[in-house]
Amino acid sequence: MIVTIEINELKVYAFHGVLPQERTIGNDFVVTVHVRCRIMDQAMADDSIEGTINYADIVNVVKNVMSKPSSLNGVS
């Protein structure tokens, strides 16, 4: 089964921006992620995390990406 896992409005403090002070002081960013993935039917049947994706893993990926400072255009 193909499903979409959504994480809406995850607030992350990060150091992005064109100006030097933006990279020094940082700011709150709000991130929304939609992940389309295949999960095993058994995961839906028995309500278990095995056979699907853990939301915490997706949040950790977002935090890892946001922890790398970048300018407005996304190029460090």
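## Ground rules and confidence

Residue numbers start from 1 along each chain as its sequence is written, and side-chain values use heavy atoms, with hydrogens and water left out. Since this is a predicted model, local features need pLDDT of at least 70 and side-chain atom pairs count only at pLDDT 80 or more, while totals for chains, interfaces and linings use all residues.

The score behind those limits, pLDDT, is the predictor's confidence in each residue, from 0 to 100. Its mean over the protein is 87, and 93% of the residues reach 70 or more. Helix 3 (residues 55-66) has the highest confidence, at 95, and helix 2 (residues 41-46) the lowest, at a mean of 78. Helices (H or I, at least four residues) and strands (E, at least two) are DSSP runs, numbered from the N terminus.

Search the whole structure for aromatic pairs and you get one. For the record, rings of Phe, Tyr and Trp (its six-membered ring) pair if their centres lie within 6.5 Å; planes under 30 degrees apart count as stacked, over 60 as edge-to-face and the rest as tilted.

F15 is in the loop between strand 1 (2-14) and helix 1 (20-25). The cut-offs are under 20% relative accessible area for buried, over 50% for exposed and partly exposed in between (1.4 Å probe, protein chains only).

D28 is in strand 2 (residues 27-38). D28 touches K11, V12 and Y13, leaving aside residues up to four places away in sequence; contact means heavy atoms within 4.5 Å. D28 counts as partly exposed because its relative accessibility is 42%. From D28 to L10 is 18 residues in sequence and 10.0 Å in space, C-alpha to C-alpha.

Over in strand 1 sits E9, whose phi is near 60 degrees, a positive value in a residue other than glycine. Most residues other than glycine have a negative phi. E9 counts as exposed because it reaches 62% relative accessibility.

## Loops and the end of the chain

L19 lies in the loop between strand 1 and helix 1, and is partly exposed with a relative accessible area of 42%. L19 and S71 are 52 residues apart in sequence, yet 8.1 Å apart C-alpha to C-alpha. K68, in the segment after helix 3, is partly exposed at 47%. The C-alpha atoms of K68 and R23 are 10 Å apart, with the two residues 45 residues apart along the chain.

What does T52 touch, not counting residues up to four places away in sequence? The contacts of T52 are I5, I39 and A43. T52 belongs to the loop between helix 2 and helix 3, and its relative accessible area of 29% is why T52 is partly exposed. T52 and L10 are 42 residues apart in sequence and 21 Å apart, C-alpha to C-alpha.
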